[in-house]
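Visitor: Could you walk me through this structure, step by step?
Guide: Gladly! Let us look together.

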Amino acid sequence: MLDRVMALLSSFDAWVMPMILLIGLLLWRGGFHARAFVVCAGMLVGINDGVISNSLKHLVQRPRPHQSVDGVRQVDLAKATPRIIAVTMPLKIKLSEAATDLGAIAGRSFPSSHTVNIMTVALLAALFFRRFGWLAFLPAFGVAYSRIYTGSHWPSDVFASIFLGLGTTLLMLCGLEWLWKKHGARLVPALHERHPSLLPS
């Protein structure tokens, strides 16, 4: 049972459609703070994933467990379109064989972009939706653990990536809040007057 749950949590492709529907709902029916959450999440995930995680992967150049060690158990969903229907199909499970030339392999282990990104969204949800947003950390920690379970990352990758995601998100959110308070009144005065802060009071 855990094989299937962890493979699902670890598969970004399987969650694309639910995420699009949730984002559309927040933009359509949400108020200012829900829309600010979507915008901030998009910006911060983009920076964390495309700039910070990508740069660190190329800098550290750490091979993944299944690339450098024999016998690592790899668990993945089957190929399917849309990917979510792969949940009903037999899983792809195999034991790894270490690569003979680690310099030629694709993909790097540190940091875990899945973990950094999901921690970014979870922290923003906790800050923008004060009452129930903290619940986002439950699936977030599940995704983080799934990266170890499926053989994609070392435990130290995921542990460090949790703090990396939380730290960079806090710093960048402070920057966005400062920009809104400093320039929001000049750019959109009526909206800024109603909402002087990106975050709910």
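Visitor: The charged end of which residue sits over the ring of Trp 28?
Guide: This is a predicted model, where local features need pLDDT of at least 70 and side-chain atom pairs count only at pLDDT 80 or more, while totals for chains, interfaces and linings use all residues. Residues are numbered from 1 along each chain as its sequence is written, and side-chain values use heavy atoms, leaving out hydrogens and water. A charge sits over a ring if NZ of Lys or CZ of Arg is within 6 Å of the ring centre and within 35 degrees of the ring normal. Here the charged end lies 5.3 Å from the centre of the Trp 28 ring, and it belongs to Arg 29.

Visitor: How many residues of helix 5 are buried?
Guide: Helices (H or I, at least four residues) and strands (E, at least two) are DSSP runs, numbered from the N terminus. Buried means under 20% relative accessible area, exposed over 50%, and partly exposed in between, with a 1.4 Å probe and protein chains only. Helix 5 covers residues 113–128, and Met 119, Leu 124 and Phe 128 are among its buried residues. The helix is mostly covered, and of its 16 residues the number buried is 12.

Visitor: Which helices do those buried residues pack against?
Guide: Helix 5 has its buried residues packed against three partners. They are helix 3 (32–60), helix 6 (137–149) and helix 7 (155–187).

Visitor: Phe 37 and Phe 129 form an aromatic pair of what kind?
Guide: Rings of Phe, Tyr and Trp (its six-membered ring) pair if their centres lie within 6.5 Å; planes under 30 degrees apart count as stacked, over 60 as edge-to-face and the rest as tilted. A search of the whole structure finds 6 such pairs. In this one the centres are 5.1 Å apart with 70 degrees between the planes, so the pair is edge-to-face.

Technical notes. Expected span 1.5 Å × (residues − 1). Contact = heavy atoms within 4.5 Å.
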